[in-house]
Amino acid sequence: MHTRTLGPLKVSAIGLGCMGMSDFYGPRDEAESIATIHRALELGVTLLDTADMYGPFTNEELVGRAIEGRRDRVVLATKCGIVRDPKDRAIRGVDGSPGYIRAACDASLRRLRVDVIDLYQLHRVDPRTPIEESVGAMADLVKAGKVRAIGLSEASAATLRRAHAVHPLASVQTEYSLWTRDPEDEVLSTCRELGVGFLAYSPLGRGFLTGQIKRFEDLAPDDYRRTSPRFQGENFQKNLDLVAKVEELARERGVKASQLALAWVLAQGDFIVPIPGTKRRSYLEENVAAEAIALSAGDLARLDAVMPKGAAAGLRYPEAVMGLVNR
C-alpha cells in the first residue's frame, strides 16, 4: 500500500478505525476483531485509530492485545477528551484541561501496553479550556517522550490555527465522506496551507455508503445509528435514494459502492487519510482494495453530480451531540 504523511508520521494511505469493534455498532466479536487487525497489518495497513471513550476504555485494551508483538508495524493513534460514565456509557461532557490530558495519556499507555503513542489527539475541543492550554499539555507529552505527534478532532479552522501556533499538529480528524463534506468549507484548505494531515473518519457514512443498509429495522437494538438523524424517518429513504445512484456508478466501474466512496475521499488530496471502521476481515479487504481505484476528472464530476455537497438529509449527529463539535 502507498503511504501518506501526517506531520512526522508516515502512514498507510488507508487506516483502520477500531471503534466499532467495541462499541456503537451492534454485536461484538473480539476474536474476529483481533483477526481483522492482524489481517490489516498483513495487507500493509499501518494506522490504527482508537480512543479512550470507545467502550469506554475496552477498545484500547483490545487494540493493545492485538498489536502485542507487532508494535513495530503499527502507527498507533488514540484520543482523549470525551468523558463517559463506564457504568451507563453515557457521554458526560468534554474535558481538555491539562491535568485531565496528562492523566488520560498515562491511562491510555497502560491499556494499550505501549511506551509511546504515535498520534495523540484531543477528541473534542473543550469550550472551558483555551485550546492553547490543551495543546500545551499535549506538547509536554511529546517532550516527555510519551507521545510522538499530536492532533485535534472536530476542530474549526480558527481553532486549528491557534493550536498549530502552540505546537505543530500532525493531523485534524473530522467526519468526511461523500455525504458529509463540511470540512470543504475551511478546514481542508487550512490543513493544506499549514501542512497538517487530515484523518477522514466515517468515510463510508457510518456504513450507509456501502449500500448494505436497506432498512432501519436491520440495525441492532443497541446500534448508535438508531439515534442518528440521517437514519430516521423520511431522511432514511432520501439518503437511500442518494446511495442508489452511487451504487449505479460503482456497478459501471465494476467495484463496490464502498470502494468508490473511499476512492473519492483519497482523490480529494494526498494529505487526506481515510480511516474506515470495520470489525470483519472481508470488509477490511474490500476497503483496502479501494486504494488501487484511480478516478478520472469525469468520474469525480459524476459523483459530485449524484451526491453534491449538502445532499444528505438530516444532521450527521443528534443535536445534543452536535453541540460538542467545535465550529
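Is Cys80 buried or exposed? I started my notebook with that one, and Cys80 counts as buried, at 0% relative accessibility. A reminder to myself before going on: this is a predicted model.

**Cysteines**

I searched the whole structure for disulfides and found zero. Cys80 is in none, and its nearest cysteine sulfur belongs to Cys105, 7.7 Å away. A disulfide needs the two sulfur atoms within 2.5 Å. Next I looked up Cys191. Its closest cysteine sulfur is the one in Cys80, and at 19 Å that is too far for a bond. Cys191 is buried as well, with a relative accessible area of 0%.

**Strand 8 and its partners**

I then moved to strand 8, residues 117-122. Six of its six residues are buried, so the strand is largely enclosed by the rest of the structure. I checked which strands pair with it. Strand 5, residues 75-80, runs parallel to strand 8, with four bridges between them. In that pairing I noted Lys79 opposite Gln121 of strand 8. Strand 9, residues 147-153, is also parallel to strand 8, and here I counted five bridges. Tyr120 faces Ile150 of strand 9 across that pairing.

**Nonpolar cores**

Tyr120 came up again when I looked at the cores. It is among the residues with the most contacts inside the largest nonpolar core, along with Leu16, Ile37 and Phe198. That core has 79 residues. Leaving out neighbours within four places in sequence, Ile37 touches Leu16, Cys18, Met21, Leu48, Leu62, Val63 and Ala66. A separate core of 24 residues lies apart from the largest one, and Leu47, Ala149, Val273 and Ile275 are among its members.

**Aromatic pairs**

How many aromatic pairs are there? I get seven. I opened the one between Tyr176 and Phe198 and found it edge-to-face, with centres 5.8 Å apart and 85° between the planes. Tyr176 sits in the loop between strand 10 (171-175) and helix 6 (187-194), and Phe198 in strand 11 (residues 197-201), so this pair ties together parts 22 residues apart in sequence. Both Tyr176 and Phe198 are buried.

Tyr176 has another partner, Trp264. Their ring centres are 5.5 Å apart with planes at 50°, so I logged the pair as tilted. Trp264 belongs to helix 8 (residues 257-266) and Tyr176 to the loop between strand 10 and helix 6, so here the linked parts are 88 residues apart in sequence. Trp264 is buried, like Tyr176.

I also noted a cluster of rings, in which ring pairs link Trp179, Phe208, Phe231 and Phe236. Trp179 has a charged neighbour too: the charged end of Arg230 sits over its ring, 5.0 Å from the centre.

**Helix 8**

I found 10 of the 10 residues buried, so the helix is largely enclosed by the rest of the structure. The buried residues include Ala257, Ser258, Gln259 and Leu260, as well as Trp264 itself. What covers them? The cover includes strand 1 (3-6), strand 11, helix 7 (233-253), strand 12 (272-274), helix 9 (281-289) and helix 10 (297-306). I was pleased to meet strand 11 again here, as it also carries Phe198.

Key: Residues numbered from 1 in each chain as written. Predicted model: local features only at pLDDT ≥ 70, side-chain atom pairs only at ≥ 80, totals over all residues. Heavy atoms only, no water. Phe/Tyr/Trp six-rings, centres within 6.5 Å; stacked < 30°, edge-to-face > 60°. Helix = DSSP H or I, 4+ residues; strand = E, 2+ residues; numbered from the N terminus. Buried < 20%, exposed > 50% of the residue type's maximum accessible area, 1.4 Å probe, protein only. Lys NZ or Arg CZ within 6 Å of the ring centre and 35° of its normal. Core = buried A, V, L, I, M, F, W, Y, C linked by side-chain atoms within 4.5 Å. Contact = heavy atoms within 4.5 Å. Pairing = 2+ DSSP bridges.
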